[in-house]
Structure formats: structure tokens, C-alpha cells
Amino acid sequence: MSEIWSKLSEHRRQTSETSITELFERDQNRFQSFSAQADGLLLDFSKTALDETGLNALVDLAEQAGLASKIEAMFRGDPINVTEGRAALHTALRSQNDTAVMVDGQDVMPEIHQTLQRMESFAGALRSGAYKTVTGAQFTDVVNIGIGGSDLGPVMATRALAPYHDGPRCHYVSNVDGADITDSLAGLDPQTTLIIIASKSFTTIETMTNAATAISWLRASLGDQASGHLAAVSTALDKTTEMGIPPERVFGFADWVGGRYSLWGPVGLPILIAVGRDNFRAMLSGAAAMDRHFQTADFRHNLPVLLGLIGIWHSNICGYNTRAILPYEQRLARLPAYLQQLDMESNGKSVTLDGSPVRRTTGPIVWGEPGTNGQHAFYQLLHQGTHVVPAEFLIAAEGHEAELSHQHDLLKANCLAQSEALMLGRSAQQARALAQSRSIPEGDLDCMTAHLTFPGNRPSITLAYPRLTPFALGQIIALYEQRVFTEGVIWGINSFDQWGVELGKELAVGLLPLIQGATDSSKDGSTLGLVAKLTASTPAT
């Protein structure tokens, strides 16, 4: 593979002076050649510096990395998460057929289907009022308590699918900061609120601390009947039973489903409660359609593979260390944060599968905000800053608010204008003419021209879809999941463990006694000084 890496680097060196606009001038069909579609989802990557030679070399890179066989291994249920000896079979949770998927010699599909049916039965009863509160009323609100993958995915998807909500209102608590649960419970009635505790082990300290607070809140109103307002997403049946939650209200998932990949199963219970069976299944169908495309499409027209190869091009060949996720869809406001975890927890690794140091940069920094809000915040840096940040735009052809179609037209115009502006920029000649049109004094023209000049030639991709439906949301999430997998395979890393999450948690457990008054002279001076400051008895006025 080193030969292809060298070829790509040399090609970039030879073509770095060729602008994106020049590529369009050379090829009138560039958009058609550098875009791909699957089930109504369009990926346009024509506004990048990739040409045919570079793209072909990237495809060769994927082939030499054995991506095709790695894809087969993942869907087959092989233990590709080598450091934990596990499969990575979140894809099975959204499978739409009964084809056997074997893990350790056992077909896991019957249990997956059974769990989904249990979820649907419980959610349906809750939504219809058949499952009532302990006082005989109908539940009006659901509070999901989790963190990380047990929070970010459901929060993102619930918000994204707001037009489809017809069930109880869903709220989310994740931060151990007491303000989070205080603000979330404020205004809710414990007599009509269900609490879902999402923790596979039922030991996650942040989740269980918040759960204890929520249970106290329920008991203050319901007394010993509070457990009737509890459900759990967990495999620790002994612990859920101790809390008084009967097995029929506990939904578990196997260890071959990683937290950040888990919204397709029991972790997605609040999504199912909010939007109902048909819409939840439509989301699964969209993801399954993307999975089939990922498995069957040739690499040159394979959306997740192309997205991954573009990421490799920008990160490793062009040296761009971040990527901005810019959904022009307010209901996707939490998508950048969701993709932060998906990408950075998966591929933020510095050793390869065999434990040797990686030879290239992995895991770009992922960040972003919805447009048009971001345009009035950080787009200044995107256009004129010293960092080149590849932008990833998402836009729907139409919104859900037909009566406000004129606003969606403006949204689309803004999205397309931003990608065009990043590519075109503004030349010094154009900037000078603009300054002159504003009657800038002759002596200030040079200075003002510099301020009004945009470098342009900044890459972007655009993901376009008909409308943000449950099916489209499933496609988009699965697309990014498989993009992360593609990049991880090419880097030779394990995208399915997260050992870096553990150390801080372990140290926090040891620090809690110091915060509460104990002493430990072995700690560093900074930590001891901060403990003293934060535990001072007299707050500043």
C-alpha cells in the first residue's frame, strides 16, 4: 500500500496549483462524473480537488486495504473488534430479512426480531394508553436517562423526526451536572412521566446518579409505586430487578452492539415511543438500504466508500485536520455532535490492529452547526481563515412546512451559495472593483481590497435528499457509520473499541473522595490546588 500512498501524495503535489474551478472548466460533465446516488440520496463531491487520477488511486487504496473482504466480515458477524474479541453487528439490528447471521455458532436474528417486537408492543401500549400510570392515567412524558451512545443517537433522531411525533413527549438527561436533570424534570408531572434508564451494565456512574435523582423525584409523588414508572435498556437483569423494574420493561442488547452504533435497537426505544412503529421501521429500512448499497455497489459509485475516500484524501493527502458538518436542516441540529462521537470515538486511535503505531494521521476533528445559523458564527473562518476546513453540507429538496416553502427556498439558496463561494472565492481584481463601487478613497483601496479578497478553492461536498423522512434519516446515519468503517479499514485501526474513554472515568472515581474532604499527597500540585479552590467553604460574592 505504501506505493499507492506515495502515488497519491505525488499526484497532489503535481496538481495542487490546479483550482477546483479549473477542473470544472476542463470537464463540462464534472458534476455527473463526481457525484453518486443511492435510493434518492445524492452525494456531490465535484467541488473537491479530486480528479479522475486521484479518485482511481483512492479506489486502488481501498482495494489493496481489503475493504471488500472486511465489509463481508463485518456483515457476516466475524469478531472484527479484535481488542474485545467481538463482532460489530449493529447492522443486524436494522436488517429487513430473516437471513441467518451467526455469532459464535448461533443465529442472532430471531432474538433481534423478538426484542424489536417487545419494544414495539411496549411502545404501542404506552402510546395508546393501554399501559397506564399507577394512578390509571395516560403517560404524557418520557425521560430517557443515558450518556454517550445511549443519549446522542436518540436525542439526534428524536429531534430530526419531530414532524412524525404523535406519542408522549420525549426528554433527555445525560450530564451528571445536576442542572441537566433539574431543568429536564422542571414542569413535568411525576404522575404522568415514565423514566427510561439506559445503561447496558447498569453501573455507568453518570447515568445511575441521574437515575437515583429521578427515582427520588418519582417517589416523592408516588411513594412505593414509583417503580411502575420505570423502564430500562440494560442487560443487567439482576440490577434492574433490584430496582423494581420487571423483565417485561427491560430491553437488552448484545455486546456486539457498540454504544455509538446502538440507536437501531433498544437504545432507540424513546424514538419508537415518539414516532411509532411504522416510522421507526422506516428509519431501519433506510439504514438497511444503505447497508445493501454498501455491500453491493462498486467502489466508484459506492456512497459510503466514496465519502470515506474523500475523507482520506482531505485528511492524509491534503493535510486538512478537521471536517465541518453543516446540515441545512434545523432538525438535524444534533447531527454534528452525534457524528463527533461516531467518528472521533471510533477512529481517534494511534495504534493499528496489531498494536503497532499508526503511520498516518487518523480521526479528523469533527464539528459543525446547522446552516444558516453557522453562517453568522464561524463561516468567516471557513471563507477567509488560515485553516482549510472541508465542508460537508446536507440539504433537502423540500421541507415539511409546505406553507413556508419560500423559507425553504431561501435555505436551499444559502446552502448552494456557501459551497459555491467556498469554491470561487473573490479575486483581488473583483475585490478592488467592489471597493471602488463603495467609494473607498484611493489611498485606502489596497487595504480594503485585501480585506474583501477571498482565496476560494476550498473544498466541500453536498449530500442532498428529497425530504428528511425516517427513511432518509436512516440512510444518512448508516452512510456516516459505513464511512467511518471505510476510513478505519484503510488506516488499519479498530473502529469499534474505545479504550480512551476509560482512564478519565477511573481517575474521577479516585478523585471524588478528595472533593468530599479526603487527602491524597500523591496527586500533582495542579490537581491539589484545584481541589482546594473548588472545595473552599466560602463562595465568591
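Is phenylalanine 202 buried or exposed?

## Phenylalanine 202 and its loop

Phenylalanine 202 is buried, with a relative accessible area of 6%. Here buried means under 20% relative accessible area, exposed means over 50%, and partly exposed lies in between, with a 1.4 Å probe and protein chains only. The residue belongs to the loop between β7 (193-198) and α9 (205-222).

Not counting residues up to four places away in sequence, threonine 204 touches Ile147 and Ser199; contact means heavy atoms within 4.5 Å.

## Basis of the description

The model is predicted: local features need pLDDT of at least 70, side-chain atom pairs count only at pLDDT 80 or more, and totals for chains, interfaces and linings use all residues. Residues are numbered from 1 along each chain as its sequence is written, and side-chain values use heavy atoms, with hydrogens and water left out.

## The chain as a whole

The protein chain holds 21 helices and 13 strands. These are DSSP runs numbered from the N terminus, with helices being H or I of at least four residues and strands E of at least two. Along the principal axes, the C-alpha atoms fill a box of roughly 80 × 65 × 60 Å. The radius of gyration is 26 Å, which agrees with the value near 24 Å that a compact globule of 541 residues would have. That radius is taken over C-alpha atoms, and the globule rule is 2.2 Å times the number of residues to the power 0.38.

Of the 541 residues, 51% are buried. Among contacts between residues at least 6 apart in sequence, 74% join residues at least 24 apart. The accessible surface of the chain is about 23900 Å², and carbon and sulfur atoms account for 51% of that surface; such areas come from the Shrake-Rupley method with a 1.4 Å probe, and for residues only the protein chains shown count as cover. The chain carries 40 positive and 57 negative charges, whose mean positions are 1 Å apart. Lys and Arg count as positive and Asp and Glu as negative, while His and the chain ends are not counted. Each charge is placed at NZ of Lys, CZ of Arg, CG of Asp or CD of Glu.

## Nonpolar cores

A nonpolar core is a set of buried Ala, Val, Leu, Ile, Met, Phe, Trp, Tyr and Cys residues joined through side-chain atoms within 4.5 Å. The largest has 116 residues, of which Phe280, Met283, Tyr338, Leu473, Tyr480 and Phe485 touch the most other members. Helix α19 (residues 470-491) supplies the largest share of this core, 11 residues. Another core lies apart from it and has 21 residues, among them Val143, Ile195, Ile215 and Ala226.

Leucine 473 has contacts with Met156, Ala157, Ala160, Leu161, Met283, Leu332 and Leu468, leaving aside its neighbours within four places in sequence. In helix α5 (residues 67-76), the buried residues are Leu67, Ile71, Ala73, Met74 and Phe75. Their cover includes α4 (52-64), α12 (277-296), α13 (303-317) and α19. Just after α5, glycine 77 takes a positive phi of about 95 degrees.

## Further loops

Aspartate 39 lies in the loop between β1 (35-38) and β2 (41-44). Its phi is near 50 degrees, a positive value in a residue other than glycine. Aspartate 39 is exposed, with a relative accessible area of 52%.

Threonine 140 is located in the loop between α6 (109-128) and β5 (141-145) and is partly exposed, at 31% relative accessibility. Apart from neighbours within four places in sequence, threonine 140 is in contact with Pro168, Arg169 and Thr192. The C-alpha atoms of threonine 140 and arginine 169 are separated by 6.3 Å, although these residues are 29 apart along the chain.

## A cis peptide bond

The peptide bond from glycine 371 to threonine 372 is cis, with omega near 15 degrees. Threonine 372 is found in the loop between β11 (365-367) and α15 (379-384). Threonine 204 and threonine 372 are 37 Å apart, C-alpha to C-alpha, and 168 residues apart in sequence.

Asparagine 373 also lies in the loop between β11 and α15. At 47% relative accessibility, asparagine 373 counts as partly exposed. Its C-alpha atom is separated by 9.9 Å from that of leucine 326, 47 residues away along the chain.
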